[in-house]
Amino acid sequence: MSILIKHGRVLNPADNTDEILDIFVADGKIKQIQKNIDKTKLLCEQIIDAKDCYVMPGLIDLHVHLRDPGLTYKEDLKTGSQAAAKGGFTTIVAMANTKPVIDNAEKWTTFMARAQKESPIQVIQAVSLTKDMAGEEPVDFDALQKAGVTILSEDGKTVMNAEVFRQALQEAQKHNFLVLDHCEDAFMKGNGVFNAGETAAKLGVPGISNAVEDVIIARDLLIAKETKTRLHICHCSTADSVRLIALAKSEGLNITAEVCPHHFILTDKDIKEQDSNYKMAPPLRSQKDVNALIQGLQDGTIDAIVSDHAPHAAKEKTTNVAHAAFGIVGLETMVPLTISKLVKTGLLTPLQMAEKMSYNPAKILGIEKGNLSIGKDADITIIHPETKYVIDKNTFVSKGRNTPFDGMHVSGAVKATIYQGKVV
């Protein structure tokens, strides 16, 4: 397959390119990048007019729940990966909190074989840190390494036993695994529903304080410092999480961090009474926290923007907020939300958006992606930033409809997602 992309605004953080250029793709690789490539001198099977569009390295989402195996009434490998492709993603990382939990080499190998056949994009499956995500016994690191596993995550839970977590990080460091870390003190959280504050009090539900997140981040950063493990902090939501991560980075720790659009856009004051689409973990925080997260993105403390795509069946989100499931979908809304709320407002440049949504995630994963240079994989996302529309959950490819952004007016539509030289 050969594709010529014409007249696009090429955004390549790897070499700080921000320029109107053409890109010629063939045999799954980028072959030429220059102004005004003459199409008559090439054998082009497809020409894409990218005038007025951003042309970015294929987007990479470090944090996706595909619910497969075992919870496929919420989402499955096929629908989740298709939703990702529609949303502009060429690589996603799937969390291990499935049923059964993906906690050994055999389950991982089986899933990855399926992903090769069923997904239009690259899916990288994470494996849990402990057996059955019970937080008690570390997984078999030797077997995982031999199978080809590179990422571990207990996301959805925190390993509450600090010694078990320390042992797991020691082994992760020894085997060169990346650990994606969900930081939430289960005992402090209790039956909490929304952020501890006026909204929770008004709705008469238990609150979740910032400390629920912050104390685990502090603990885990200290353990990572001792074990010298590569640690990636998931879905930061508090001002102190940003401060703690900045401190860790200043001391030379191998730490990276991510934030979700809902945490840099909404606050707990936006919560509509008894609407569980505003219920997620960690919860929506205060404006002070939102400001700190945006500042963290701007100064590089926060490395990546992710969706934490967490689909649920309607019945799990339409029940009383106290009993509703935590989480929202995000694969199909991340691009317009980021453009509308960060790029259009001047808080991030388009090049910084490409950095946070492709280049940095590729570096964190240690994969040869996120780079629009000659010879690199032709993973490319083309976005028209001026397309205006209203988010409609009923148009989602995902099985999940649980979003607080339904009905929001946004700018920014994915025009094409190209994976390994093929429009998917």
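Mentor: On a 1 Å grid over the protein atoms alone, a pocket is an open set of points with protein on both sides within 12 Å along at least five of seven lines. A cavity is a set of points where a 1.4 Å probe fits but cannot get out. Lining residues have an atom within 4 Å of a point. This is a predicted model, where local features need pLDDT of at least 70 and side-chain atom pairs count only at pLDDT 80 or more, while totals for chains, interfaces and linings use all residues. Residues are numbered from 1 along each chain as its sequence is written, and side-chain values use heavy atoms, with hydrogens and water left out.

Trainee: Which residues lie nearest the centre of the second largest pocket?

Mentor: They are M112, Q116, Q122, V123 and I124, out of 16 lining residues. The elements giving two or more residues to this lining are α2 (105-118) and β8. Helices (H or I, at least four residues) and strands (E, at least two) are DSSP runs, numbered from the N terminus. α2 gives the most, with four residues.

Trainee: What is the volume of that second largest pocket, and what classes of residue line it?

Mentor: About 280 Å³. A volume is the space filled by probe spheres set on the grid points, which are joined across faces, edges and corners. The lining has 10 nonpolar, six polar and no charged residues. Here Ala, Val, Leu, Ile, Met, Phe, Trp, Tyr, Cys and Pro count as nonpolar. Asp, Glu, Lys and Arg are charged, and the others, Gly among them, are polar.

Trainee: And the largest pocket, what's in its lining?

Mentor: Nine nonpolar, nine polar and eight charged residues. The volume of the largest pocket is about 460 Å³. Of its 26 lining residues, R67, N97, G156, H312 and F326 are the closest to its centre.

Trainee: Back to β8. Which sheet is it in?

Mentor: β8 belongs to an open sheet of three strands, ordered β6-β7-β8, with parallel pairing. Two strands pair if DSSP finds at least two bridges between them. The edge strands are β6 (59-64) and β8 (122-125), each pairing on one side only. From one strand to the next, the twist averages 15°.

Trainee: How many bridges join β6 to β7?

Mentor: Four, and β7 covers residues 89-94. Look for D61, which stands opposite I92 in β7.

Trainee: What lies across β7 and β8?

Mentor: Helix α1 (residues 77-86), running at about 135° to β7. The angle is between N-to-C directions, on a scale from 0 to 180 degrees. The axes are lines fitted to C-alpha atoms, for helices over the stretch in contact, and contact means heavy atoms within 4.5 Å.

Trainee: What about the sheet of five strands? Which order do they take?

Mentor: β9-β10-β13-β14-β15, again an open sheet with parallel pairing. β9 (151-153) and β15 (304-305) are at the edges with a single partner strand each, so one side of each has no neighbour in the sheet. β14 (residues 255-259) pairs with β15 over two bridges. E258 has A304 in β15 as its bridge partner.

Trainee: Now the cavities. How many of 30 Å³ or more are there?

Mentor: Two. By class, the lining of the largest cavity has six nonpolar, four polar and no charged residues.

Trainee: Which strand gives the most to the second largest cavity?

Mentor: β10 (residues 178-181), with three residues. The volume of the second largest cavity is about 30 Å³. The lining has five nonpolar, two polar and three charged residues.

Trainee: Last one, the whole chain. How many helices and strands?

Mentor: 13 helices and 18 strands. The radius of gyration, taken over C-alpha atoms, is 21 Å, close to the 22 Å that the globule rule gives for 424 residues, so the chain is as compact as a globular protein of that length. That rule is 2.2 Å times the number of residues to the power 0.38.
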